[in-house]
Amino acid sequence: MTIYARDAAMYDAIYGGDDAAALEFIRWLLEFLEINNENDILDMGSGTGTLLIPLVKEGYNIQGVEPFDPMLNRAREKAEEAAVEINIRKGSFETLDDSEEYDLITAINGPLHYVEPENLHDVMKRVSTALKPGGRCVFDIINFHSIIKNYEYPDPVEFDMFDSTATAVIQHFVDLDRDKWLNRVILFFKDKEYQKFEDIQEMSMYSMTTLRIVGGLHNLELEHFFSSYEDRPEERKYGGRLIIVFKKST
Ligand SMILES: C[S@@+](CC[C@H](N)C(=O)[O-])C[C@H]1O[C@@H](n2cnc3c(N)ncnc32)[C@H](O)[C@@H]1O
């Protein structure tokens, strides 16, 4: 069972490390795209609200959609703790059925990877339909082509979590027949008799070409792209991400 349906606190502890960089990027991107508090934003796959909560606090008119209850509940708890009123509902790319509602749809840190390749066409159509004419969507995914080209086997990493020290062993498997990347994280908790926690994520590997072709079929034209959270148009900083901004043609 995916960690999103199993343990949202564990998700935050294992995968929350890059949140500050993602948040800084998205703040910059909103300014760059001249999105202000009069625009309607949907954050698809908003998870535990790591980006949603600060952006609501900063006055953006942003609502979240998330498919898994533990993630939704943790986002609501975190918002309550931060005394921020968020609007988050259950849903997914596959169930999005709004029409011309949003100026911007964001999907930060990989929600698109969980869309099955056979559903991509339908999902792009839904995203396009949900955008106002001239609206944008931002897909932030891993650039698996670049990762594979420069692949280095990850060393085990040690970090403190839940009053213990955990060693994380990370393994990757690529299934080229199905365009899938499997990420296996095994955590060993030192102070808890090496108790083990395992998470396996199966992700669809999408390329820029695929997204441009399928997006183009639904009036979504490439406007900008970035390859890391530090990347800016005036100072290119390359990395292992594909952050693609599409604009819906009017
Ligand atoms: C790595 S997390 C990122 C969460 C959040 N966007 C952030 O940056 O903190 C990926 C999120 O995508 C969600 N997700 C999984 N399948 C999805 C789908 N089919 N449609 C939309 N979101 C999905 C997961 O539940 C999870 O919350």
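Before we look at the strands, a definition: two strands pair if DSSP finds at least two bridges between them, and strands are DSSP runs of E with at least two residues, numbered from the N terminus. What we have here is a predicted model, in which local features need pLDDT of at least 70 and side-chain atom pairs count only at pLDDT 80 or more, while totals for chains, interfaces and linings use all residues. Residues are numbered from 1 along each chain as its sequence is written.

With that in hand, strand β7 (residues 164–175) and strand β8 (residues 180–189) pair in the antiparallel sense over ten bridges, and D175 stands opposite K180 in β8. These two strands belong to an open sheet of four, antiparallel in its pairing, whose order is β6-β7-β8-β9. At its edges lie β6 (157–161) and β9 (195–204), each pairing on one side only.

Is L131 buried or exposed? It counts as buried because it has 27 C-beta neighbours inside 10 Å, where buried means 20 or more other C-beta atoms within 10 Å of its own, exposed 12 or fewer, and partly exposed in between, with C-beta atoms placed from the backbone. Leaving aside neighbours within four places in sequence, L131 is in contact with E100, Y102, I105, C137 and K248, contact being C-beta atoms, placed from the backbone, within 7 Å.

Finally, the ligand: 22 residues surround it, the closest being G45, G47, S92, N109 and Y114, where a residue is near if its C-beta atom, placed from the backbone, lies within 6 Å.

Note on methods. Two residues are in contact if their C-beta atoms, placed from the backbone, lie within 7 Å.
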